[in-house]
Amino acid sequence: MGKIDARTHVYLSDNKRFADIVNYYIYDGEQIIEPNQLHEMDATEIAFPFGDGEKNSSEIIQKYRDLLKSACAMSDDKAAYLIIGMENQAEVQYAMPVKDMLYDAEQYAKQVTATAKRHREINVPGKKVNSGEFLSGFYKEDKLLPVITIVVFWSADQWDGPKSLHEMMATPDRNILRYVPDYKINLVSPYDIAEDDFIKFHTSIAEAFKYIKYSRDEDALQNALESDNVYKQLDRETAELINDVTGSGLEFEEGKELINVCVATENMKKKAVRESAIETAKILLSAGENTIETIAMATKLPIEEIKKLAEPKIQ
């Protein structure tokens with residue numbers, strides 16, 4: 001597991017953040033699923049015959065979802081039980097519709113198997129079972145819990161991979177595709193979040209996504225930092241997540257749990273400018289055509305520092 005994968009996995013393991021993503025995507029920000037209604041589930045799944053680098057891709061081995069939780073959604077005084085998976089992606093996975101489809105299908109298969117096992121273990125007196133129910137172990141009145149997988153794309157880039165199984169098909173023939181069940185991914189990507197939609201989040205995920213979204217646009221990022229006071233006291237876990245995902249090189253004071261990301265970003269810019277100035281000074285010194293005073297004026301570095309850079313290095 002890479003550094004970003006590990007960081008995002010831990011970050012979304014928190015029930016408040018997990019629920020925040022789900023409520024944003026499924027309920028448009030309405031607080032339907034409460035963190036205390038989420039329960040961890042076994043994330044073990046089947047192997048995939050692509051994209052994972054196994055030497056023998058035909059072998060069946062165990063794989064793990066990033067996150068899998070059961071939930072109870074209360075709406076209109078009615079309880080709806082469901083299973084929610086979450087997949088963190090630092091890069092585009094171009095076979096994501098198939099990957100999600102396999103994950104979800106395995107969950108449905110597990111439910112059928114568990115139901116059949118329960119019927120075998122619990123003998124209901126007088127219960128008559130027809131041949132179809134006997135063979136499958138799944139009775140006519142049995143129901144499945146919905147399985148929803150949400151893909152979280154931790155990048156400032158636009159997702160340029162397929163978002164549905166039909167987009168992966170080699171034929172555009174609608175006569176054929178109408179008989180091929182489609183499977184769409186549920187994608188949450190900072191790139192696609194409109195400015196007005198960040199308020200639909202109720203945790204610091206909003207600040208994480210906003211920073212990531214604007215991380216390659218200096219003016220837009222500066223505007224975001226200046227307009228949101230939360231960035232002046234952001235929890236350390238979110239600040240470190242931002243740093244890892246964007247590769248910004250922000251430096252935080254040790255021991256502090258609340259981070260002023262505005263100051264850290266400004267310090268990072270100053271450090272980058274200074275490092276660039278030093279490199280420029282070294283190039284000008286090596287050319288031997290400029291005075292120390294001229295180089296200091298061009299790079300805005302102190303003359304004393306230029307003199308130190310000009311001193312011969314002792315081998």
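Guide: What follows is a set of questions and answers about this model, which is a predicted one.

Visitor: What makes H6 and H7 roughly antiparallel?

Guide: Helices H6 and H7 pack at an angle of about 155°, with axes 8 Å apart. The cut-off for roughly antiparallel is an angle over 145 degrees, and therefore H6 is roughly antiparallel to H7. Lys210, Tyr211 and Tyr214 of H6 make the contact with Ala220, Leu221, Ala224 and Leu225 of H7. The residues of this contact divide into 6 nonpolar, no polar and 1 charged.

Visitor: How do you know that the buried residues of H7 are on the same side?

Guide: Helix H7 runs over residues 218-227, and its buried residues are Leu221, Ala224 and Leu225. They cover an arc of only 95° around the axis, so they lie on the same side of H7. On the other side of H7, Asp219, Asn223, Glu226 and Ser227 are exposed. Helices H6 (205-214) and H9 (261-287) are included in what covers the buried residues of H7.

Visitor: Why is Ile84 called buried?

Guide: Ile84 has a relative accessible area of 0%. Buried means under 20%, so Ile84 qualifies as buried. Ile84 sits in strand S5, residues 78-89. Apart from neighbours within four places in sequence, Ile84 is in contact with Phe18, Val22, Ile33, Leu67, Leu68, Lys69, Ala71 and Ile148.

Visitor: What makes Ser164 and Ser189 count as buried?

Guide: Ser164 has 6% relative accessibility and Ser189 has a relative accessible area of 2%. With the limit for buried at under 20%, Ser164 counts as buried, and Ser189 is buried too. Ser164 is in the loop between strand S6 (147-153) and helix H5 (174-177), while Ser189 is in the loop between strand S7 (186-188) and H6. Neighbours within four places in sequence aside, Ser164 touches Pro97, Asp182, Tyr183 and Lys184, and Ser189 touches Phe153 and Asp157.

Visitor: Why is Lys300 called exposed, and why is Asp28 called partly exposed?

Guide: Exposed means over 50%, and partly exposed lies between that and the limit for buried. Lys300 has 78% relative accessibility, so it counts as exposed. Asp28 has 49%, so it is partly exposed.

Visitor: What phi values do Asp28 and Lys300 have?

Guide: Asp28 has a positive phi of about 55°, and Lys300 has a positive phi of about 65°. Most residues other than glycine have a negative phi. Asp28 is in the loop between helix H2 (15-27) and strand S1 (39-40), and Lys300 is in the loop between helices H10 (292-299) and H11 (303-310).

Methods
Residues numbered from 1 in each chain as written. Predicted model: local features only at pLDDT ≥ 70, side-chain atom pairs only at ≥ 80, totals over all residues. Heavy atoms only, no water. Helix = DSSP H or I, 4+ residues; strand = E, 2+ residues; numbered from the N terminus. Buried < 20%, exposed > 50% of the residue type's maximum accessible area, 1.4 Å probe, protein only. Contact = heavy atoms within 4.5 Å. Arc of directions from axis to C-beta. Axes fitted to C-alpha atoms, helices over the stretch in contact; angles between N-to-C directions. Parallel < 35°, antiparallel > 145°, perpendicular 65-115°, else oblique. Nonpolar A, V, L, I, M, F, W, Y, C, P; charged D, E, K, R; others polar.
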